[in-house]
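Reader: I'd like a close look at one part of this model. Please take me through the place where the ligand is held.

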Amino acid sequence: MGEPSIPRHIAIVMDGNGRWATRRLLPRVAGHRQGVESLKRCIDACIARGVAVLTVFAFSSENWKRPADEVGGLFELLAKALAREVPRLHQSGVRLFFVGDRAGLSDKVAGGFGEAEALTAGNRKLTLNICFNYGGRWDIVQAAQGLAGRGEAITEASLRGSLSLSHVPDPDLLIRTGGEQRISNFLLWQCAYSELFFSDRLWPDFDEAALDAAITDYQRRERRFGSVPAPACVVGAS
Ligand code: IPE
Ligand code: IPE
Ligand code: MG
């Protein structure tokens, strides 16, 4: 048997920032700030382990339902993190994609996304998809509308190719931190055959050891994709 394989694509629902802060009697946005630090650590860990693609859920289509001060705090944090971290990510060889509905974002935020994508377009060390103002249902609808608008046939291949993650393979491993065991409108199409891993750790506490535990658990799974187990290797067979 060869070395256990590292998942090529890891997707993460980074949940639990609010509870992390509340437990410390801090405002929820302090949890989101710590969440950014946790994401930086996770990106470095993925690069070190040879993960090719990391996709993270940063702000969902439904997160607009939160109090205005929390939404405002998240956008402020995003703007600061972009200015501070994009040059560092570029140096580390990270290719950035911002995935989600840009129509619902200000020109300033959408412009920042475009600039970061253009700057990092030549990088190949890690593809980092940041899902922001993203929902799995939104993605399927925008893909279908695009095909219908162009008069193209809707097939599995054409729909797949019109989704906002068509530039990467489907996730091998989908992690959700924070103890909840649900998808919350994340990658509805793409996680059809992803291995799911739920961690009780709150996202700010999800460190390298927790990532390794998820990867080790993944390596013990048998992926069948609807088929039957691979035949056992018969020793001595010619
Ligand atoms: C996830 O953490 C981050 C975002 C949704 C932006 P939460 O803010 O949902 O944290 P909890 O689930 O309330 O603890
Ligand atoms: C999912 O977490 C969205 C992100 C992590 C960005 P939520 O906290 O919004 O999900 P629910 O409300 O618990 O389902
Ligand atoms: Mg949550």
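Author: Start with a single contact in this predicted model. A backbone N or O atom of G18 lies 2.9 Å from an oxygen atom of ligand 1. In R28, a polar side-chain atom is 2.9 Å from a ligand oxygen. In R66, an N or O atom of the side chain lies 2.7 Å from an oxygen atom of ligand 1. Now take the ligand as a whole. On its own, ligand 1 exposes 380 Å². The protein buries 87% of that area.

Where does ligand 1 sit? Its place is the largest pocket. Around ligand 1 there are 13 residues. The closest are D15, G18, R19, R28 and R66. Sort the shell by class. Three of its residues are nonpolar, five are polar and five are charged.

Next, look at the helices. Helix 1 spans 17-23, helix 2 spans 28-49 and helix 3 spans 68-91. Each of them supplies at least two residues of the shell around ligand 1. Which one gives the most? That is helix 1, with three residues.

Finish with D15. This residue is found in the loop between strand 1 (9-13) and helix 1. D15 is also among the residues closest to ligand 1. An unreviewed UniProt entry carries the annotation "binding site", and this covers D15 and E195. Of these residues, D15 is included in the lining of the largest pocket. That is the pocket where ligand 1 sits.

Notes:
Residues are numbered from 1 along each chain as its sequence is written. Chains are lettered from A and ligands numbered from 1 in the order in which they are written. This is a predicted model: local features need pLDDT of at least 70, side-chain atom pairs count only at pLDDT 80 or more; totals for chains, interfaces and linings use all residues. Side-chain values use heavy atoms; hydrogens and water are left out. A residue is near a molecule or strand if one of its heavy atoms lies within 4 Å of it. A polar contact is a pair of N or O atoms within 3.5 Å; within protein, one must be able to donate a hydrogen and the other to accept it, and residues adjacent in sequence count only if both atoms are side-chain atoms. Accessible areas come from the Shrake-Rupley method with a 1.4 Å probe; for residues, only the protein chains shown count as cover. On a 1 Å grid over the protein atoms alone, a cavity is a set of points where a 1.4 Å probe fits but cannot get out, and a pocket is an open set with protein on both sides within 12 Å along at least five of seven lines; lining residues have an atom within 4 Å of a point. A molecule sits in a cavity or pocket if more than half of its atoms lie within 2 Å of its grid points. Helices (H or I, at least four residues) and strands (E, at least two) are DSSP runs, numbered from the N terminus. Ala, Val, Leu, Ile, Met, Phe, Trp, Tyr, Cys and Pro count as nonpolar, Asp, Glu, Lys and Arg as charged, and the others, Gly among them, as polar. UniProt positions are given in the numbering used here, feature names are shortened, and annotations may be inferred rather than shown by experiment.
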